[in-house]
Amino acid sequence: MEKTPVLILAPLPDFLMQPLLAAHVCHDYFHAEDKAALLADVGAEIRGIVMAGGSVSPVPLLEQLPNLEIISVFGVGYDGVPVDWCKAHAIRVTNTPDVLTEDVADTASALVLMTSRKLIAANRFLHAGAWTKGAFPLAHALHGKLAGIVGLGRIGKAIAHRLEAHGMRIAYHGRTKQEVSWEYVDSLVALAQQVDFLVVACPGGAATKHLINAEVLAALGTKGTLINIARGSVVDEAALITALQNGTIRGAGLDVFENEPHVPEALMQCENAVLLPHLGSGTHETRAEMARLVVENLAAHFSGAALLTPVC
C-alpha cells in the first residue's frame, strides 16, 4: 500500500512517530532548517498534518498545501488550528479528547493540594534540615472551602468531582448553565469574589485570551488561589505576576504558561506559586492512548471510514 505524505508540525514522542513512519511518508516541518524549501518541494503532495495541542497551523502555511485533507492533533486542545478556515476548505480536524481527562483532573487536584497545604515548600523545608529547628508553618485546609470551575466541560466536571471528595463545595462559570447540582454563576468576577480556589479548565483561543485578568484576580483577593491547567493564554500572565508579588491573591498553581516552555523569571521567583512543566496528561498510559487516536484517525480518514474523534 502506498504511504500517504504528511507534514509534522511539532516534536512528537517516539511512540507516536514510529507508527506514523510505518504508515506515512513523514516530512518534518518543525525541525526543517529551510522550511520554505521543504514546502516548495513537497507542499503539493501533503495530504495530512500531525501537530501537538500547543502548536499552531497558521492559514498562510495551510494555503501552501493544496491537497491537504486532514489535521490530526495530538492533544485535546485545538486552539492552534483555524477551524473555521478548515471547515470552509473541507479539511477535517481531529483531536484526542476523553483519554486525558482523568490525568489532567488529577493534576488540577494535586495543584489545589500543593498550594493549600504548601507541600512543595514543606518538602524543601525538610530537605534543608529545617525540621530539626522547628515545625513547618501551618497551611490551609480544603474541607468546606469553595472551588469555582471556569469551564465545566469533561475536564472541569472531573475536577469538580475530585474536589468534592476533599470536602469542598463547587460553583462554576461558563457560557451556559448546565443540568448539574453545582451552583452556576453567570459572572466570572462574581464567581472569583466568592471562591477560595478559581480553577481554569476552559478552552484556549482568541475567545478566552486573558479571560483571567487583573479585575478577576482582584476579585479573587487575598483569600484566593488561582489554578490553571487549561491554556496559558487564558491568564494575563503579567497581571498574575503583579497579583502574586503584591499579595493581591494568596497563590497560584500553574501547569500552563503563555510562552511555553519559557516561563518569566519574575513568575519563577514567586514563592506563592507552584509551577509545573505542562505535565497534565503526562503519563505513559494517557500519551499512548492519545497517540493511538492520532494514528487511527488518520487511518480512518484515508480509508474512507468515520473519524474516531472529529472536531470538524
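Trainee: Which residues does A171 touch, not counting residues up to four places away in sequence?
Mentor: This is a predicted model. Contact here means heavy atoms within 4.5 Å. By that test, A171 touches L146, A147, G148, I149, E183, V185 and L191.

Trainee: Where is A171 found, and is A171 buried or exposed?
Mentor: A171 is found in strand β7. Buried means under 20% relative accessible area. A171 has 0% relative accessibility, so A171 counts as buried.

Trainee: How far apart are the C-alpha atoms of A171 and A266?
Mentor: Along the chain, A171 and A266 are 95 residues apart.

Trainee: In what order do the seven strands of the open sheet stand?
Mentor: Strand β7, where A171 is found, belongs to this sheet. The pairing is parallel. The order is β8-β7-β6-β9-β10-β11-β12.

Trainee: Which strands stand at the edges of that sheet?
Mentor: An edge strand has a single partner strand, so one side is left without a neighbour in the sheet. That applies to residues 183-184 and residues 273-275. The edges are β8 and β12.

Trainee: Over how many bridges do β9 and β10 pair, and which residue in β10 does V200 stand opposite?
Mentor: Strand β9 covers residues 197-200 and strand β10 residues 225-228. They pair in the parallel sense over four bridges. V200 stands opposite N228.

Trainee: Which strands does helix α7 touch as it packs on the sheet?
Mentor: Helix α7 covers residues 154-165. Its direction makes about 170° with that of β6. The strands touched are β6, β7 and β9.

Trainee: Which residues is R154 in contact with, leaving aside its neighbours within four places in sequence?
Mentor: R154 has its place in helix α7. Its C-alpha atom is separated by 9.2 Å from that of A201, 47 residues apart along the chain. The contacts of R154 are P97, D98 and T101.

Trainee: How are α5 and α7 set to each other: roughly parallel, roughly perpendicular or oblique?
Mentor: Helix α5 covers residues 101-117. The axes of α5 and α7 come within 9 Å and cross at roughly 45°. The crossing is right-handed. The two helices are therefore oblique.

Trainee: How do the residues of the contact of α5 with α7 divide?
Mentor: From α5 come T101, E102, V104, A105, D106, A108, S109 and V112. From α7 come R154, I155, A158, I159, R162 and L163. They divide into eight nonpolar, two polar and four charged.

Trainee: How many residues of strand β1 are buried?
Mentor: Side chains in a regular strand alternate between the two faces of the sheet. In β1, T4, V6 and I8 point one way and P5 and L7 the other way, and all are buried. The strand is largely enclosed by the rest of the structure, so the number is five of the five.

Trainee: Which residues in β2 do T4 and L7 stand opposite?
Mentor: β1 and β2 pair in the parallel sense over five bridges. T4 stands opposite H24, and L7 stands opposite H27.

Trainee: Are α1 and α12 roughly parallel or oblique to each other?
Mentor: Helix α1 covers residues 14-23 and helix α12 residues 284-303. They pack at an angle of about 20°, with their axes 9 Å apart. The crossing is right-handed. The two helices are therefore roughly parallel.

Trainee: How do the residues of the contact of α1 with α12 divide?
Mentor: On α1 the contact is made by F15, L16, P19 and L20. On α12 it is made by R287, A288, A291, V294, V295 and L298. The division is nine nonpolar, no polar and one charged.

Terms used
Residues are numbered from 1 along each chain as its sequence is written. This is a predicted model: local features need pLDDT of at least 70, side-chain atom pairs count only at pLDDT 80 or more; totals for chains, interfaces and linings use all residues. Side-chain values use heavy atoms; hydrogens and water are left out. Axes are lines fitted to C-alpha atoms, for helices over the stretch in contact, and angles run from 0 to 180 degrees between N-to-C directions. Angles under 35 degrees count as roughly parallel, over 145 as roughly antiparallel, 65 to 115 as roughly perpendicular and the rest as oblique. A crossing is left-handed if the near helix is turned anticlockwise from the far one by less than a right angle, and right-handed if clockwise. Ala, Val, Leu, Ile, Met, Phe, Trp, Tyr, Cys and Pro count as nonpolar, Asp, Glu, Lys and Arg as charged, and the others, Gly among them, as polar. Two strands pair if DSSP finds at least two bridges between them. Buried means under 20% relative accessible area, exposed over 50%, partly exposed in between (1.4 Å probe, protein chains only).
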